[in-house]
Amino acid sequence: MQDHDRGTGLARRPHLPAPRRSRPDRKGRPMSFVTTTDGTRIHYKDWGTGRPVVLSHGWPLNADSWEAQQLFLASHGYRVIAHDRRGHGRSTQTWNGNEMDTYADDLAALIDHLDLRETTLIGFSTGGGEITRYIGRHGSARVAQAVLVSAVPPLMLRGPDNPGGVPVEVFDGIRAGSLADRSQLYRDLADGPFFGNNRDGADVSEGIRAAFWLQSMASGHRNAYESIAAFSATDFRDDLARFDIPTLVIHGDDDQVVPFEVGGKASAELVKDARLLVYPGAPHGITDTHKDQLGNDLLSFLNEYGA
C-alpha cells in the first residue's frame, strides 16, 4: 500500500502531480463530457464517491450496459465512472480513430481529466481490450487493480502463432451482416449467442435483449463496423505482459462470442499472479445474465485493495 496524501484519502505515487483539491466537473452543473486532443467528445457518467472505478463497455454497446454494476458499486462506497467509447452512445461519431490505440488514449484523457488515482479498471469484452491497451500504452501509475470480464484479450483471431483462435470467416460474417442489415444482426446476437438465449433452458428477458439492440443502434455505423477489426485482430499479448497490478479475470465457460479458452483462460495465463474466476455454463453477456454474482465478485475484489 502506498503512502496516503492527507486530505484525499487516496494513495499517491511520487511521480504523479499532487491531486487537485477541487473537482471542476462537479462545480455547479455537472459536466458529462471530456474533449480529447482531436476534438472528440467522450460522454461519461460519474456516480458515487470513494476510490474510483472505471467501467469500459463491450461492442457495440455503451455505458448503459454497465448500469447494474455501476449502481451496485456506487451504492457500496465507490466512485464509479462509465463512459461511451468514441462512436458509441452519446460520444462523437468520429470517422477515424476506431481502433484500440485511440480507444486507450481516449480512456487516458478521461482518467487524466478527472485526475483519477488508485483506480480499478474493469473492462467487458471489447472494453477489456481497451483497458489492456491503456496499461500497455500509458502504464499503471494511476491504476490499482484491473478486471477483465468476458474480455477479448489476448488475441481472438486465429493465425500461425495463435492456432486456437477464432477463424477470420466468423468476423467476416459479422462484417457482412453489419453492412447488409445491422439492425437484424444486433437482434440475432441478442436473441442468440450473446446472452446464451440459444441454449436449452435459457430464459433471457425480452427487455434485456431489446436493450442490447437499442444500445447497439445508437453506435455509429462506421464506428461499429471498424471496431470489429479492433476487437478481433488486435494482439494484446505484449500489453498483458506489462500488467503489474492485481488482476482478476472473469469468464463464462459457455461464452459463444469470446470462447473461454481464447479469452479468459489465455489472459489469466499471461498476467503474473492473475486470479481466474470461471462461471460454469455462463454466456458472454454476464453483466446481465449473472449481474448479482458479478457485482458481488467485483465488490469483493475492490474491497481487497488496501485491506
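Thr119 has a relative accessibility of 1%, and because buried means under 20%, this residue counts as buried. Please note that we are looking at a predicted model. Thr119 belongs to strand E5, which covers residues 119–124. What does Thr119 touch, once neighbours within four places in sequence are set aside? The contacts are Arg51, Pro52, Val54, Arg142, Val143, Ala144 and Gln145. There is also a relation across the chain to mention: Thr119 and Leu302 are 183 residues apart in sequence, and their C-alpha atoms are separated by 9.8 Å.

Let me now step back to the protein as a whole. The protein contains 10 helices and 8 strands. Its radius of gyration is 18 Å, while the globule rule gives 19 Å for 307 residues; the two values are close, so the protein is as compact as a globular protein of that length.

How much of the protein is buried? Of the 307 residues, 54% are buried.

Is Ser150 buried or exposed? Its relative accessible area is 0%, so Ser150 is buried.

Pro154 also has its place in the loop between E6 and H4. The peptide bond leading from Pro153 to Pro154 is cis, with omega near 5°. Pro154 has a relative accessible area of 6% and is therefore buried. Which residues does Pro154 touch, not counting those up to four places away in sequence? They are Thr234, Asp235, Phe236, Arg237, Leu240, Val262, Gly263, Ala266, Ser267 and Leu270. For Arg237 we also have a distance: Pro154 and Arg237 are 83 residues apart in sequence, yet 5.2 Å apart in space from C-alpha to C-alpha.

Another cis peptide bond joins Trp59 and Pro60, with omega about -15°. Pro60 sits in the loop between strand E3 (51–56) and helix H1 (67–74).

A positive phi is also found at Asp273, at about 65°, although this residue is not a glycine. Asp273 is located in the loop between helix H8 (264–270) and strand E8 (275–279). Where Ser150 is buried, Asp273 is exposed, because its relative accessible area is 71% and the cut-off for exposed is over 50%.

I shall finish with two polar contacts between side chains. What joins Ser140 to Asp244? A polar contact of 2.6 Å links their side chains. Ser140 lies in the loop that runs between helix H3 (126–138) and strand E6 (143–149). With a relative accessibility of 8%, Ser140 counts as buried.

The other polar contact is 3.0 Å in length and joins the side chains of Arg175 and Asp172. Arg175 is part of helix H4, which comprises residues 168–191. Its relative accessible area is 16%, so Arg175 is buried, given that the limit is under 20%. Leaving out residues up to four places away in sequence, Arg175 touches Val168, Tyr225, Ile228 and Ala229.

How values were computed. Residues are numbered from 1 along each chain as its sequence is written. This is a predicted model: local features need pLDDT of at least 70, side-chain atom pairs count only at pLDDT 80 or more; totals for chains, interfaces and linings use all residues. Side-chain values use heavy atoms; hydrogens and water are left out. Helices (H or I, at least four residues) and strands (E, at least two) are DSSP runs, numbered from the N terminus. The radius of gyration is taken over C-alpha atoms; the globule rule is 2.2 Å times the number of residues to the power 0.38. Buried means under 20% relative accessible area, exposed over 50%, partly exposed in between (1.4 Å probe, protein chains only). A polar contact is a pair of N or O atoms within 3.5 Å; within protein, one must be able to donate a hydrogen and the other to accept it, and residues adjacent in sequence count only if both atoms are side-chain atoms. Contact means heavy atoms within 4.5 Å.
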